[in-house]
Amino acid sequence: MATDNHEFEARARAAFDASVAGIDAPTRSKLTQARHRALAEVAARPRLRAGWVPVGAVAAAAVLAVALSVGREPMTTTGTSPLLAAAPGEVFDLLAAVDDLDLLAEDVEFYAWATGLDEIG
Amino acid sequence: MGWPETGRAGHSQEATTVGHAQALDRFLAGVERRAFRIARMAAGNDADALDLVQDAMIRLARSYGQRPEAEWLPLFHRILTNGIRDFSRRRRVRQRVMAWWPGRPDDDAGGPDPIEAAVDPGGGPGERLEAEETMAALEAGLAALPARQREAFVLRALEGLDVAATAVAMGCSTGSVKTHYFRAVHALKARLGELE
């Protein structure tokens, strides 16, 4: 069964590769122009400071960690999550460092992966 | 005495930026044609497919251009996949609106014909015909799949991403990728046979 699937996948990929190889010259030229436009637009805009995205990702991951800890771990006698009780200042410092709060509404897993945070622990 | 130090640092940073831009240019040049074919399967025409690819290039360069090169491929496909999802949603809304519009033209109502939309693959006449037929059948089969199964098959089988990279590109777990991919392969085989 696995071999059958591999053969099917190989034929599908060969057909796709052939269609890619058959892209005509005008379209290839348009793709090159599109790439140059994309790179030129990015070069013309001020670059993000290197720390911004990681800080946002760290904050997003921190929010996720807090949410998970609240859901999974027993509360202390004061009703506070152990994580928050241990280091509330650090968590809120991270949250305060986020430049774009929309980051928090986006896919946390995506940002965690993008910064390599999912490899920790 | 700080100026020479600052100057060296500036030159070094500039050289790094130029080198990074060149690396990004090479990366995008390497993926743009395959990305175009993927976008064209979804959009059904060259103009929209080009827009989708250019938009993905801009978003990758703007948001993740400073990330390590090894991360660019799954990130690029995640951006492209999201762009295609948005495009498909907008088209469905537009078609619903047009369905209520008096005297609407019918030619756009059913979406693109995958056979007419297929790209000329080149090669000899026999090979071309065979490749065209195979690709047209594959596109029709993919068009009939649920979106997530289609994405899993395109990324895994056609683009050759591994399960982890496909999960990143689709924004889901590796387990979900395996499930969607398994179902996609079986549905396509049931529809297309062995894809001779």
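Trainee: Which residue with a positive phi follows α6(B)?
Mentor: This is a predicted model, in which local features need pLDDT of at least 70, side-chain atom pairs count only at pLDDT 80 or more, and totals for chains, interfaces and linings use all residues. Residues are numbered from 1 along each chain as its sequence is written, chains are lettered from A and ligands numbered from 1 in the order in which they are written, and side-chain values use heavy atoms, with hydrogens and water left out. Helices are DSSP runs of H or I with at least four residues, numbered from the N terminus. After α6(B), the residue with a positive phi, near 75°, is G160(B).

Trainee: Is F153(B) buried or exposed?
Mentor: Buried means under 20% relative accessible area and exposed over 50%, with partly exposed in between (1.4 Å probe, protein chains only). Since the relative accessible area of F153(B) is 0%, F153(B) is buried.

Trainee: Which residue forms a stacked aromatic pair with F153(B)?
Mentor: Rings of Phe, Tyr and Trp (its six-membered ring) pair if their centres lie within 6.5 Å, and planes under 30 degrees apart count as stacked, over 60 as edge-to-face and the rest as tilted. The search of the whole structure finds 4 aromatic pairs over all chains. In one of them, with 6.0 Å centre to centre and 20° between the planes, the stacked partner of F153(B) is Y181(B).

Trainee: How many residues apart are F153(B) and Y181(B)?
Mentor: The pair links distant parts of the chain, with F153(B) in helix α6 of chain B and Y181(B) in helix α8 (residues 174-192) of chain B. Their separation is 28 residues.

Conventions:
Helices (H or I, at least four residues) and strands (E, at least two) are DSSP runs, numbered from the N terminus.
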